[in-house]
Every structure is written in C-alpha cells, then in structure tokens.
Amino acid sequence: MCSIIGYLGDIAAAQIVVNGLKRMEYRGYDSVGIATFFGNQILVRKGVGKVEEVNSKVKLYMLSGNIGIGHTRWATHGRVNETNAHPHLSSSGEIAIVHNGIIDNYKELKESLQRDGYRFRSETDSEVIANLLQYNFDTIKNIKDSMIKTVSVLRGDYSFVAVFPDGTLSAARFHEPLILGVGKSGYFISSDVLGFVQYTDEAIYPNNGEIIIINANGLQFLDFLGRPVKHEITKISREFADVYKGKYAHFTLKEISEQPNTILKTADNTRSELELFIELVKNAKSLHITGSGTSYNAALIAKHIFLKYAKIKIESVIASEARFYPDYFDNHSILIALSQSGESADVLEAVKMAKRHNSTVISIVNTMTSSLPQISSVSVGLNCGPEIGVAATKSFTSQLGILYKIADNIAGGHIGFDSQKISQSMKEILVDHSKIRDIAKILSYASDIYIIGRGIHYPIALEASLKLKELTYIHAEGLPGGELKHGPLALMDPSVYVIIINPHDSTNQENLASAHEIKVRGAKIIGISDKYDDTYDYWIKIPTISEALFPFIEIVPIQLLAYYAAVEKHTDPDYPRNLAKSVTVK
Ligand code: G6P
C-alpha cells in the first residue's frame, strides 16, 4: 500500500526520502515521487515503476533542499501514471502533499474547490487535500488553523504530510499509520518505522486524530481541535534494524529460512498477556476468529485444533466478509483477530464492527505498534521480526505457534506443542532443499496446480495455493481431498500438477486413494510426505512429527516451491505484481 515519508533537518532531504521509500518497498506500489522545498519553491519529480527505475530515469535524489516528502503509490483512485503519482501540488504550486488512505468525500470537495477556481491535474482523491490546504491557507494565512480546518472536513481514513510555502512540514493522522522519528540530524515522518530506522531509533507514535507541525521553531503535536498533545519518545526495538537481506537473494527466502528461529520466539511472549488471552478464550460464551489472506488460513487451523484438542468451538469468518454477519457479535462474544501487519483495513473493519456490538476483541499481531493492538483488549505479539516479503511466510508459522500454545495450554498439553521439535524439523527441510528447487523448476512451467489436503491439512492446501498464486502467478487451487470427485476431477489431465499434502497420519490412506484417481487421468503428482509412495511422480520428504504438528513443517517445502518457481519465472518474489504487504484500503 502507499507509503509516505517526510524529512526536515540539517542534511539533504532527497537522499533520505528515497532511501526511506526503498526500505518501505515491501508494502507494494506502482509509482513513486518526491518533492523538496528549495529556494522558496517546491520541486517535484515522479514516475511509474520501482524506486530504482524512477530514480535512474529522473534522478530523484538530485533534488536540492533539506525539507522533503516522498511517496510510493498503490493506485486506488485513478490510473497508474505519472500525473496520478504523488506528491500532488496545490493549484498554485505552493503546497505539496503525499497521502495514504482514501478521502471518501473527495468528489464534493473537488467540485466545490473547482467552483472557487482551484485547478486539478490528476484523477486522484489525494489532490483534494493539497487544494483544500491551499484554500484554507489562502483564507486563514496560518498553517495550524489551515490544518485544523482541513481535517475537519475530510472524510475517510488517511494520513498525509504537507509542505507549506514557508517550508513548514505538517502531517495529520486519521486511522492510517504515521510515526515520527526524532534524529540528531532532524525529524522524520513516515508510515512505517522502516522509513527512518536507518537514521534514528527514537520515535513518537501519534494517536489517531492528531496533527504534527515541524518548522524552525521545533515540533508540535495537536489534536484535531487544535489542543496541544504531549508525547514521550519511544525507543524502537532494535530488531527493526534487521531489515537487510544479508546473504539471501530475496527477503522471502531469508524469511522462510528464519523459521527454525522465529518459531522458538513464540515462547517469548509476556506471560501476563498470554494468561489474560487464555482466560478470555476459556471463559468465552461464543468465539469467532478472523483475518485476511494468510492470517485467515492460520485462523482455519486454529479452529481445527481448538475443537479437536481443547474442545472449544470457534467460528471463523474472513475479515472482508465479517460485515455481512453482524449477528455473530454481541456482548458475550469474543473475536480473535489475526494480522501480521495489524493494519489490514478489512481486519480493522471487522474488529470495529465487533466492538460496535460490544464484543471483546483480542488479537495476535506482529507489528505491535500498529493499529490493531490499540483497539484490542489484549494483544499477543508474534515476535518474528519484520516481515518484508509481501507473501507471508514466517509470520504464518509464528501465528500457528501462538495459537497452538494457547490451545495446548487449555487442552492440558494434549496437543504436545513442542517448538524445539518443530524448529529441528524445519531445519532438516531447509538444510538441503536442492530437490525442492529442482521440482520448483518443473512446476514453474505449469499452468494449473491443485493442492490437496484433508482435515488439518486442508487449510495448508489453501495457504499453499495462496503462496503459489502470489509468487508465481500460476493458477493454483487448494482443495479438500474428498471434494475431488464433486467437480475438480473433471479438470485432471496430463497438463495438470497436483500437490498432495500427505503425511503418514489418519488422512494418509484416503489421500493415496485420491492420488490414484488423479494419476489415472494423467496429472502429475507431487507428494509431500514423511513416507514414500509410488503414486508420487515427485516426492518431497518431510520429517515425521505428531499429526497435530505437521502443518508447521509441511508448509515450509511449499513456501520454497513457490519461491523457487517465482525465481525461475523471473518474477520478483519479494514484491509480487498487484499485491501489497499491508492492505490499508477496504
Ligand atoms: C495482504 C498480503 C497477504 C496477507 C494479507 C493479510 O493481502 O498480500 O500476504 O496475508 O494481506 O495481512 P495481515 O497483515 O493482516 O496478516
């Protein structure tokens, strides 16, 4: 999703802004731009493509000035082109803005401003902020009041940073992330700590509904009514600095490879948070669990293990669908929200709806400084470190780790969750995965891949299909094995590849029967199992572990398959097309 950044300080802003945008690339985007304030005017350079591509074309970093803003755009309103890329200038060119989020009432504001003679260049909702600020500044001639007046009429969820005609940098936050970095060389404003962590580990997290003003007189925080707000400086966790690829070709491979360590860190949670979480789950009259994408697939596994081992029923609902089921929620129900980023708009929307119906919200999140923990009664952290690759990998196994820990506690240890054993098994897969790489090469030519699993392995089949789609752009579909005969068998022919998630457990025999049905129709079979079977055209061996724990280790070879097939196809595994790491729009 869009990333915004601003800098005001003693050194050249352009390089800082460009570096910040590069570090936030993982959020996903289609165009990029920056503006600096130099010699009493605002200079803008922008274009379509990755930061490096645009930089090499228009030399973003060559803009002069110690005050700057920057943006990577993920198009929502208006096509992907240079005009729609941010920053946007006001009609007179005196004010520039970068914006993340959506302005719901932009059409009426735009029409009214056009009637007053303000010109618009782009098709975006964002440009209205620049002209509205200009309109208010033209009438009020005061930055603080112009900001207050502007936010009082904007509707929607947004954060934006603006440069005013005297070089003042001002920002506002409303239901979108915005963090202030306090460095020795100056101030940074960014949608993500990664935007400035290279320069400072001191940050302030403004509340929702706050304005920041930075100029030669220093720094001010105000609420939307203009009342001053005080903030303490927070030290950013040092792990945020760990955002380099190191010896790995891509973040995705690095993050897949980190799993033997990150699974162990699920044990690091503060005992009190976990205990409270467990108490709430145990005593809930009704329980729901939600998430989007990978987080939802983790929710499906949670549903299975809580029922089977802890005898607790949990209803799962995809976050974007939750609003169609308002009757799920009442003052007796608890909603468990899962999110790596803590910023997915669909998840936040589901949570807000549950809260409107007086339900209690508890969450499991990786980015603890994000919005979700702030609106949850209790929030447990994944502790797996920043996940940069757009496709979730280590956060998925860490989500499972926390959920298993909680379920196992309630089930009196019946699950036998053993993070050491899981870690060891993951290592065994990762240590020599050249065979997986070879199979990925073959798979990269496929046009259709089906993934089959039964019981607890069915959500893994769904997660596998998501990974393959996201990274390889190949059509992939996860199926419960028993459903083959109810339709999908019609699709089996020699061009098709089927991955069977088939550990030697209670689902094994039925899966082998499905494998035979598929094989006689000519499709190729990739078996992921701890035991060989001659129906497999390709066998990916996984270590033996207890039935409940197989999901942790069977997902690892699938992540690797998706990653290497993407490398083979020369797609970018870290930043797949049309996807964003944090989807902050509905
Ligand atoms: C986006 C990403 C997915 C991710 C989903 C949920 O769609 O592309 O990879 O699983 O958001 O993200 P969250 O941060 O809420 O877990």
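Which side chain has an N or O atom 2.6 Å from an oxygen atom of the ligand? The side chain of S344 does. That is a polar contact (a pair of N or O atoms within 3.5 Å; within protein, one must be able to donate a hydrogen and the other to accept it, and residues adjacent in sequence count only if both atoms are side-chain atoms). The protein covers 90% of the 390 Å² of accessible area that the ligand has on its own. Such areas come from the Shrake-Rupley method with a 1.4 Å probe; for residues, only the protein chains shown count as cover.

The model is predicted: local features need pLDDT of at least 70, side-chain atom pairs count only at pLDDT 80 or more, and totals for chains, interfaces and linings use all residues. Residues are numbered from 1 along each chain as its sequence is written, and side-chain values use heavy atoms, leaving out hydrogens and water.

Back to the ligand. The side chain of S339 also places an N or O atom 2.6 Å from a ligand oxygen. T294 uses a backbone N or O atom, 3.0 Å from an oxygen atom of the ligand. Helices (H or I, at least four residues) and strands (E, at least two) are DSSP runs, numbered from the N terminus.

Next, the aromatic rings. A ring pair is described by the distance of the centres and the angle of the planes. Rings of Phe, Tyr and Trp (its six-membered ring) pair if their centres lie within 6.5 Å; planes under 30 degrees apart count as stacked, over 60 as edge-to-face and the rest as tilted. This rule gives 16 aromatic pairs. Y404 and F417 have ring centres 6.1 Å apart and planes at 45°, so their pair is tilted. Y404 sits in helix α12 (residues 394-410) and F417 in the loop between α12 and α13 (419-431), so the pair ties together parts 13 residues apart in sequence. F417 also forms a tilted pair with F552, at 5.8 Å centre to centre and 40° between the planes. F552 belongs to helix α17 (residues 550-568), 135 residues from F417. F552 has 0% relative accessibility, so F552 counts as buried (under 20% relative accessible area; exposed is over 50%, partly exposed in between; 1.4 Å probe, protein chains only).

Last, R173. This residue lies in strand β8 (residues 169-174). R173 is buried, at 5% relative accessible area. Its side chain reaches the backbone oxygen of P206 at 2.9 Å.
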